[in-house]
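Thanks, everyone. Please look at the screen.

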Amino acid sequence: MEIKGQDADYLVGGRDPIAGSILTSTSRFLNNPRFRDVYAQMGLKRDGPDLPGAFLIPEINRAIAEETDFEQLFAQLAVEKARLPEFAAWLEARFVSDWSAVDLSHCPEKSLGAAIRGFMADSGMEIDFMFREEPANDFEYLVKRRVQNHDIEHIVTGLDTSPVGEIALIVANAVACFNYFDTEFAGQLSFQTMFLASTSLMRFNCHYPTVVPAMLEGFALGHAVGMKQKQPLFMIRWEDWIDASITEIRTHFGFEDGPPPGHWDWVHVAAQG
């Protein structure tokens, strides 16, 4: 419904934007053609079977990198490292793992190790993907461990790999980061994932409205999981928990707010086409 008359005047404040020869804004993100285009694509496109859901991720990362002040980011990280001894110790340890080389054969059924073993066998995928090279600095190490832990976080939280579960896990991670770090640094760490979460909600509302209630539920459950964390999820060393049961892990870390198994399975079909 078009907004007209006094209501429209109220909303625009009785002002017209300054006219210019080209599109310009005080937002550097809006001024970046790549960022502007890929954000619109992700928010307005349909999810067809012709391309994988992650098809635009490389372009999204390029757009974000173009608008990231890495000098400022590294400075913020240094401040947080000095402020948070636990975070500093985690960075200094530089622990990484290669799950394909970890012996999971002894892990009992219903344990995390068994779940990881099953994931790799059933999917044919490796837990460790992307960013395989040696981290050159603290930030690259942080990113590497986030990626190494991602699929395991789906397993332990119950926030599954459905389109809704992916966003729920994004929210859980963002909440945990904002509760642990300074807001400016947390915003940097959550930038790419907030890009995905916000555009996903708009895309579903445009084309798959039956999924929107589930998406809002995912936001709520992800928030509940994130609020219970004492540190960001990427700092947890899951390699130390391979013999523990999923139930034990969920109780220890407060992951009980995740949905029942299969709760969002229907979204795989409902949010495509």
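One cut-off before we start: buried means under 20% relative accessible area, exposed means over 50%, and partly exposed lies in between. Keep in mind that this is a predicted model.

Take Glu239. Its relative accessible area is 13%, so Glu239 counts as buried. Which residue does it pair with? Arg145: the two side chains meet in a salt bridge, at 3.1 Å from N to O. This pair links distant parts of the chain. Arg145 sits in helix α8, while Glu239 is in the loop between α12 and α13, and 94 residues separate them. Is Arg145 buried or exposed? Buried, with a relative accessible area of 1%.

Next pair. Arg94 forms a salt bridge with Asp138, and the closest N and O atoms are 2.8 Å apart. Now the accessibility. Asp138 comes out at 17%, so Asp138 is buried. Arg94 is at 29%, so Arg94 is partly exposed.

Third pair. Asp47 and Lys45 form a salt bridge, with 2.5 Å between the closest N and O atoms. Asp47 has a relative accessible area of 14%, so Asp47 is buried. Lys45 is at 23%, which means partly exposed.

There is also a network. Salt bridges link Arg34, Glu59, Arg62 and Glu66. How many salt bridges does the structure hold? The count is 13.

The general point is simple. Side chains of opposite charge can pair when their charged atoms come close.

Now the helix. Please find α11, residues 191–207. This helix has 17 residues. From first C-alpha to last, α11 reaches 24 Å, close to the 24 Å expected at 1.5 Å a residue.

Which residues of α11 are buried? Here is the list: Thr193, Phe195, Leu196, Ala197, Thr199, Ser200, Arg203 and Phe204. As you read down it, recall the helix geometry. An α-helix has 3.6 residues a turn, so residues three or four places apart point the same way.

What do the buried residues of α11 pack against? Four helices are listed: α3 (33–44), α4 (57–66), α9 (163–180) and α12 (212–227).

That's my tour. Over to you for discussion.

Definitions and conventions: Residues are numbered from 1 along each chain as its sequence is written. This is a predicted model: local features need pLDDT of at least 70, side-chain atom pairs count only at pLDDT 80 or more; totals for chains, interfaces and linings use all residues. Side-chain values use heavy atoms; hydrogens and water are left out. Helices (H or I, at least four residues) and strands (E, at least two) are DSSP runs, numbered from the N terminus. The expected span of a helix is 1.5 Å times one less than its number of residues. Buried means under 20% relative accessible area, exposed over 50%, partly exposed in between (1.4 Å probe, protein chains only). Contact means heavy atoms within 4.5 Å. A salt bridge is a side-chain nitrogen of Lys or Arg within 4 Å of a carboxyl oxygen of Asp or Glu.
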